[in-house]
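Okay, thanks everyone, I'll keep this short. Have a look at what's on the screen and then I'll walk you through a couple of spots.

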Amino acid sequence: ADQALLWARNLAAAAAQQGQWDEAERYNAEAARWAGDATGSRRANGLLTTAQIAAGRGRRAEARRLYLEALDAAADVPSVQWSAHDGLARLSAADA
């Protein structure tokens, strides 16, 4: 199950980086299914990917909320913190 989660999460992130939002959502949903009631880094990474997808689809308020949730969940996951701050900065820059 851990490997399936990792693969699905990585495929979701790769699809999001390519702007393939339907694929990203599909793989992210699969990762969420494998993660179950995840906590810690698993939850934080899932929230981050979901936020990136929402931002890419233009759902800015949802993306902002999810980035903030990812920050809350990522107390011990610096890479998620950095990425969430980056996402929030990009949203703010686009608003300016």
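So, first a term: when I say nonpolar core, I mean a set of buried Ala, Val, Leu, Ile, Met, Phe, Trp, Tyr and Cys residues joined through side-chain atoms within 4.5 Å. And keep in mind that this is a predicted model.

The largest core here has 17 residues, and Leu48, Tyr67, Ala70, Val80 and Ala84 are the ones touching the most other members. Helices H3 (40-56), H4 (60-73) and H5 (78-95) are the elements that each put in two or more residues. H4 gives the most, six residues. If you click on Ala84 and skip its neighbours within four places in sequence, you'll find it in contact with Leu48, Tyr67, Ala70 and Leu71.

Let's stay on H4. Which of its residues are buried? Those are Ala63, Leu66, Tyr67, Ala70, Leu71 and Ala73. Looking down the axis of H4, they fall within an arc of 165 degrees, so they line one face of the helix. That buried set packs against H3 and H5. On the face turned away from it, you get exposed Ala61 and Asp72.

Last stop, Arg9, which sits in helix H1 (residues 2-17). Arg9 is buried, yet it has no salt bridge. The nearest side chain of opposite charge is Asp2, and that's 10 Å away. What is Arg9 in contact with, leaving aside its neighbours within four places in sequence? The list is Asn28, Ala31, Ala32, Ala35, Arg42, Asn45, Gly46 and Thr49.

That's it from me, happy to take questions.

Conventions
Residues are numbered from 1 along each chain as its sequence is written. This is a predicted model: local features need pLDDT of at least 70, side-chain atom pairs count only at pLDDT 80 or more; totals for chains, interfaces and linings use all residues. Side-chain values use heavy atoms; hydrogens and water are left out. Buried means under 20% relative accessible area, exposed over 50%, partly exposed in between (1.4 Å probe, protein chains only). Helices (H or I, at least four residues) and strands (E, at least two) are DSSP runs, numbered from the N terminus. Contact means heavy atoms within 4.5 Å. The arc is that of the directions from the helix axis to the C-beta atoms. Lys and Arg count as positive and Asp and Glu as negative; His and the chain ends are not counted. A salt bridge is a side-chain nitrogen of Lys or Arg within 4 Å of a carboxyl oxygen of Asp or Glu.
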